[in-house]
Amino acid sequence: MTQRLIDLRSDTATRPTPEMRRAMAEAEVGDEQLGEDPTVNRLQAMVAELLGMEAALYLPSGTMCNLIATKLHTRPGDEIILDRLANQYNYEGGGAAAVSGLSIAALSGERGIFSGAQVAGVIRGPSPHSPRSRLVVIENTMNAGGGAVWSLAAIDDVVQVARAHGLKLHMDGARLLNAVVATGIPAATFTAQMDSAWIDLSKGLGCPVGGVLAGTQEDMELARRYKHQLGGAMRQAGIIAAAGVYALEHLVERLAEDHANARLLAEGLAELPGILLDPATIETNIVFFDLDPTGPTAAEVAAALLSRGVRIGAIGGRHRMRAVTHLDISLADVEQAVAAMRAVVAH
Ligand SMILES: *Cc1c(COP(=O)(O)O)cnc(C)c1O
């Protein structure tokens, strides 16, 4: 019998549920490139409303959401300000530089959350010798910051400084709905002061593909042009957009289960010898932890876990690992993962 893999490497591991697949199979479709796909249009309207923005645009990936946002708010030679742990800084192929021609000022925040004073510290003067500071990117929740949530006060602190200097603000909300479910704060409250924001459908929401970017009507019209230029315009995309509609209607509240499972996973792991982890830092569905630096490396532990049917990522350093809970991870899976880790560290 082949054992089912308990895949905690990322919340991208989710597979569409049978109900989601049914919604996809039954989706009404049209030519998305011409704006005629009713399911895509419905998804865009839902996300615009969710984020309190005038309009929204369905895109093939979250990476393209971030990329197009940079194109909306900047010109080549400008500088964007983000945290050094930001996804856009580390995991998007250097697209901001390669495609949008941007310089990047990376801040050292606390678990990816930086202050207005830190932003003020890197804003350039008016000299033509310097790049022009133009955009601040806030990632909420903060993936590499262990799923940390930006509080409204922390957002406000950055917004005050950004606005005082005429900077634009963009929220990478790949996991914004995790922040919403963790805090009870509406998504539109988190994004109220942003010029653009987006949510990913292919993370904890369980869709196979896609992200939705939102902003002003005018910006979204321009974004549609960039989408086309980048080759992101599609045809009968209602088939995949239907998964997003389904997820927003049925799979948001249940993110709370992922958070509870992440907390249980963290508590279980923290009790094991050689694992350094404070469960109190787990706010959403991401659990980073460190291994005793005198023991086996993260890669070695990951390999040993995999042979026991559990996949946890060796990520963020030689002795650092990341586990992410999601739609396809049950409480029993969490217990089994802790048991597998217990067996591995005992060796
Ligand atoms: C996954 C992720 C992205 C990129 O989204 P894709 O849909 O994988 O392209 C961007 N930002 C954050 C915070 C992410 O977690």
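Q: Why is Asp-290 called partly exposed?
A: Asp-290 has a relative accessible area of 29%. Buried means under 20%, exposed means over 50%, and partly exposed is what falls in between, using a 1.4 Å probe and protein chains only. So Asp-290 lands in the partly exposed class. This is a predicted model, where local features need pLDDT of at least 70 and side-chain atom pairs count only at pLDDT 80 or more, while totals for chains, interfaces and linings use all residues. Side-chain values use heavy atoms, with hydrogens and water left out, and residues are numbered from 1 along each chain as its sequence is written.

Q: What makes Arg-320 and Asp-290 a salt bridge?
A: Their side chains meet at 3.1 Å, N to O. The rule wants a side-chain nitrogen of Lys or Arg within 4 Å of a carboxyl oxygen of Asp or Glu, so the pair passes. Arg-320, at 25% relative accessible area, is partly exposed.

Q: How do you know that this pair links distant parts of the chain?
A: Arg-320 sits in strand S13 (residues 320–324) and Asp-290 in strand S10 (residues 286–291), 30 residues apart. Strands here are DSSP runs of E with at least two residues, helices are runs of H or I with at least four, and both are numbered from the N terminus.

Q: Are Arg-124 and Glu-79 each buried or partly exposed?
A: Arg-124 counts as partly exposed at 38% relative accessibility, whereas Glu-79 is buried at 1%.

Q: What makes Arg-254 and Asp-258 a salt bridge?
A: The N to O distance is 2.5 Å, so this pair qualifies too. Both residues are buried. The structure holds 13 salt bridges.

Q: Why is the pair of Phe-114 and Trp-150 called edge-to-face?
A: The rings are 5.0 Å centre to centre, with 80° between the planes. Rings of Phe, Tyr and Trp (its six-membered ring) pair if their centres lie within 6.5 Å; planes under 30 degrees apart are stacked, over 60 edge-to-face, and the rest tilted. So edge-to-face it is. By this rule the count is one aromatic pair.

Q: Why are Phe-114 and Trp-150 called buried?
A: Phe-114 has a relative accessible area of 4% and Trp-150 has 0%, so both fall in the buried class.
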